[in-house]
Amino acid sequence: MGEILRLGLILMLVALVAAVALGFVNSKTAPIIEEQERMRRQEAMRTVTSSLGDSLQFDSLAVEGLANPYAMVDRRLAVVAVSDAVSGDRLGYTFVAYGKGYSSTVQTMVGVDSSGRIVGCSILYQQETPGLGANAENQPWIGQFEGKRISQCSVRKDGGEIDSITGATITSRAVSDSVREGLEAMREQDLFEGGERA
Amino acid sequence: MRLWGEFAKGIYKENPVFKQALGMCPFLAVTTSVENALGMGAASTFVVVCSNFLVSVLRKLIPRKVRIPCYIVIIATFVTLVDMVMNAYAPQLHRSLGIFIPLIVVNCMILGRAEGFANKNTVIKSLADGFGMGVGFTLAMILIASFREILGNGTWLAVNVLGERFHNQPVLIAILAPGAFIIMGFILGTFNILERRKAGR
Amino acid sequence: MAEPRYFELAVSPHVEGHQTTRKVMFDVVIALLPALAAAVWFFGPRALLLVVLSVGAALVAEYASLRFMKRPISFVLDGSAIVTGILLAFNLPPAVPWWIPVAGSAFAIVVAKQAFGGLGHNIMNPALLGRAFLVASFPVLMTAGWIAPGRWQQEGTGLTTSGIPQEQLAEIEGADAITGATPLNIMKQTYDRETMDSRMGEGATEQVRESLSSGGTYLNLFLGKIGGCIGETSGLLLLLGALYLVARGVLEVRLPLSYLGTVALLGWVFGGSGWFNGDPLFHVLAGGVILGGLFMVSDMVTTPVTPKGRVIFGVGAGLITMIVRRWGGYPEGCSYSILLMNLATPLIDRYTRPRILGEVKKSG
């Protein structure tokens with residue numbers, strides 16, 4: 001009995017020291033990690049909306065049924081409103097689309113203008129096959145979303161206007177479908193001017 | 001000098017990958033580019049040196065019966081440290097190594113050195129051993145990653161080495177999973193031939 | 001130093017057959033010639049060039065590996081490398097660049113065959129593994145590059161890559177979208193009825209399916225007047241070659257029959273749009289099933305030796321082929337199904353080994 005107690009105590013001591021050390025390092029690194037993630041998103045937001053104007057202001061949109069930090073859960077997504085920093089006019093929106101690709105969930109930052117036309121896209125995160133699906137990140141492919149509207153936003157095989165990456169239809173579909181679904185959800189909330197339809 | 005021997009054996013004579021076949025999971029999974037191999041190698045080296053050090057320091061205090069749980073806690077702690085620090089200061093690398101950073105915990109090389117060396121040798125020796133093993137592991141990963149990146153992407157450390165045409169039409173399989181196994185087979189075969197030559201005459 | 005002496009070790013029964021590797025392999029080459037002729041007729045002299053390159057590369061790779069491993073060079077001429085080279089080239093789209101068969105053959109011989117110890121020791125069919133290597137390495141080249149048969153002679157020969165006769169194709173609305181694809185590519189698309197209908201108009205799926213299963217298409221599929229890999233299209237001439245092999249006692253019919261039979265049965269069960277309304281004939285004639293079923297499923301080294309085991313192998317390969325065709329990512333699953341069953345061969349042999357005469361069956 002005493003033996004077990006002694007062993008247990010030693011194990012506990014080791015674990016305790018480990019926990020304290022980790023807690024300390026975590027308290028130092030967590031804010032940096034968070035800040036970095038935020039910067040990256042901010043940076044991506046700016047890139048995909050750069051054509052909307054020079055000085056932009058980003059505000060989380062608190063629309064019922066849309067604002068959700070976890071995005072696309074329950075078919076809701078976190079939309080960020082983009083407006084002119086000076087006049088305050090609403091210029092467009094950005095959101096992150098989550099699509100299930102071949103070997104990862106591909107996250108795409110999407111920028112749209114206030115009429116629902118895509119003004120920019122960039123891949124935030126993907127772990128697709130290098131040389132195939134991973135090419136979605138590259139400009140020639142992701143760039144073709146620019147100027148597309150909801151109905152055009154699917155791969156050609158599915159009747160849209162997005163050329164799939166050769167040999168990586170699943171990734172191409174994941175990105176274009178998730179982007180389209182995001183736009184459709186926003187349309188349902190009447191976020192676009194002029195009643196953008198198919 | 002004795003210490004040099006403890007260090008050097010990890011590089012060729014007892015190379016963790018080629019001679020002990022340990023740490024296969026990261027060796028096969030993250031070696032799609034030389035950069036990944038370097039990052040993974042550095043992280044693993046850090047962990048194996050630290051865990052060797054601590055295990056050796058505590059070798060008289062840790063009771064035999066609970067030594068394995070203790071080693072695991074020690075290793076897991078260092079791995080988590082690396083994970084957090086890398087995430088904070090090298091996010092790009094952290095993203096590309098992904099799940100394999102936390103998986104350093106189950107890299108048999110590290111537990112193998114703790115159990116097989118550090119718990120019965122002095123602190124200094126254990127440090128040299130851990131460092132040697134880490135460097136040997138890193139070199140092995142760089143070797144296979146070089147083949148894979150050059151064949152599978154036409155680049156070495158992201159520098160185009162085989163020309164634009166090859167880069168656009170590389171032997172993709174080299175950076176896919178089966179390519180890792182095939183290339184590993186060839187490397188191990190080459191090592192065996194070298195060994196046999198040395199032993200034969 | 002004296003040459004080491006080799007003793008031949010073999011398990012019983014010690015009855016020697018009259019077959020030698022060389023004889024068998026050259027019979028197989030002869031059996032493949034009609035299909036090669038069809039390939040040249042349909043896809044042009046380029047097809048012959050690809051086959052020659054493939055065979056040449058296989059022989060060079062065989063010689064180099066044997067040299068390197070210090071094994072008898074005479075093995076080069078046992079004919080097995082020639083067969084591997086031809087079969088590999090038969091599995092390539094006709095428009096691939098010249099270095100594709102060279103790379104594929106070299107891989108097939110060096111990695112799939114010699115690295116495992118040479119003929120008789122390889123676990124997987126070398127030609128198919130060579131193809132798998134090419135598909136994984138150069139997916140773009142290996143999934144495009146279909147040529148309409150006869151295209152090299154003149155334009156507008158009335159032949160399409162889909163096998164559907166031109167006049168019939170004209171009746172389908174939006175059919176231009178399906179002219180550049182192999183029959184299996186189109187079949188794959190029809191599984192997604194919604195997409196196909198939305199793109200080509202209501203009811204297009206059924207119309208395309210009907211055309212794929214029409215008499216004119218069957219004839220084109222059987223003769224080989226369709227787009228496809230170099231040697232897989234002509235069922236008629238492959239069958240002719242196979243009959244020769246059966247007559248010579250080289251081809252054992254259990255494997256091909258169980259394989260093709262399973263494909264046909266499952267083609268009927270789930271090869272159509274719903275259950276039990278598929279077209280078995282289409283599934284047997286299209287794609288590489290006949291080539292695979294007659295010449296690769298029956299590879300002596302990589303398939304079971306017991307009669308029961310052969311049937312299991314054929315049924316298993318047929319099942320995997322049809323599952324890939326219906327639900328997989330590729331339109332055709334023939335080569336992967338055979339490779340997967342190759343891996344299961346030792347296990348099948350083990351469990352179907354006949355009992356030794358007089359041995360008591362263990363009850364358990």
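How far is the sulfur of C:Cys334 from the closest cysteine sulfur? The distance is 9.7 Å, to the sulfur of C:Cys229, which is too far for a bond.

## Basis of the report

This is a predicted model, in which local features need pLDDT of at least 70 and side-chain atom pairs count only at pLDDT 80 or more, while totals for chains, interfaces and linings use all residues; side-chain values use heavy atoms, with hydrogens and water left out. Residues are numbered from 1 along each chain as its sequence is written, and chains are lettered from A and ligands numbered from 1 in the order in which they are written.

## Cysteines

A disulfide is a covalent bond between the sulfur atoms of two cysteines. Here the term is applied to a pair of cysteine sulfur atoms within 2.5 Å. Over all chains, the structure holds zero disulfides.

## Chain C as a whole

Chain C contains 17 helices and zero strands. Helices (H or I, at least four residues) and strands (E, at least two) are DSSP runs, numbered from the N terminus. Of its 364 residues, 52% count as buried. Among the contacts in chain C with a separation of 6 or more, 72% come from residues 24 or more positions apart; a contact here means heavy atoms within 4.5 Å.

C:Thr20 lies in the segment before helix 1 (21-43) of chain C and is partly exposed, at 39% relative accessibility.

## Helix 5 of chain C and its partners

Helix 5 (residues 126-137) of chain C meets helix 3 (residues 80-90) of chain C, where the axes come within 8 Å and cross at roughly 40 degrees. Axes are lines fitted to C-alpha atoms, for helices over the stretch in contact, and angles run from 0 to 180 degrees between N-to-C directions. The angle makes helix 3 of chain C oblique to helix 5 of chain C; angles under 35 degrees count as roughly parallel, over 145 as roughly antiparallel, 65 to 115 as roughly perpendicular and the rest as oblique. The crossing is right-handed, a label for a near helix turned clockwise from the far one by less than a right angle, with anticlockwise giving left-handed. On the side of helix 3, C:Thr84, C:Leu87 and C:Leu88 make the contact, and helix 5 contributes C:Pro126, C:Ala127, C:Gly130 and C:Arg131. These residues comprise four nonpolar, two polar and one charged; Ala, Val, Leu, Ile, Met, Phe, Trp, Tyr, Cys and Pro count as nonpolar, Asp, Glu, Lys and Arg as charged, and the others, Gly among them, as polar.

Helix 5 of chain C also meets helix 17 (residues 334-351) of chain C, with axes that come within 10 Å and cross at roughly 125 degrees. The two helices are therefore oblique to each other, and their crossing is left-handed. C:Leu128, C:Leu129, C:Arg131, C:Ala132 and C:Val135 of helix 5 touch C:Ser335, C:Tyr336, C:Ile338 and C:Leu339 of helix 17. Seven nonpolar residues, one polar and one charged form this contact.

## Two buried helix residues

B:Asn52 belongs to helix 3 (residues 34-57) of chain B and is buried, with a relative accessible area of 0%. Leaving aside residues up to four places away in sequence, B:Asn52 touches B:Arg113, B:Ala114, B:Ala118, B:Ser126, B:Asp129 and B:Gly130. The C-alpha atoms of B:Asn52 and B:Arg113 are separated by 7.0 Å, although the residues stand 61 residues apart along the chain.

C:Thr262 is found in helix 13 (residues 254-270) of chain C and is buried at 11% relative accessibility. Beyond residues up to four places away in sequence, its contacts are C:Gly267, C:Gly314, C:Val315, C:Gly318 and C:Leu319.

## A loop in chain B

B:Leu157 is in the loop between strand 1 (155-156) and strand 2 (159-160) of chain B, and B:Ala158 lies in the loop between strand 1 and strand 2 of chain B. B:Leu157 has a positive phi of about 50 degrees although it is not a glycine, and B:Ala158, not a glycine either, has a positive phi of about 70 degrees. B:Leu157 is partly exposed at 37% relative accessibility, whereas B:Ala158 is exposed, with a relative accessible area of 65%.

How values were computed. Buried means under 20% relative accessible area, exposed over 50%, partly exposed in between (1.4 Å probe, protein chains only).
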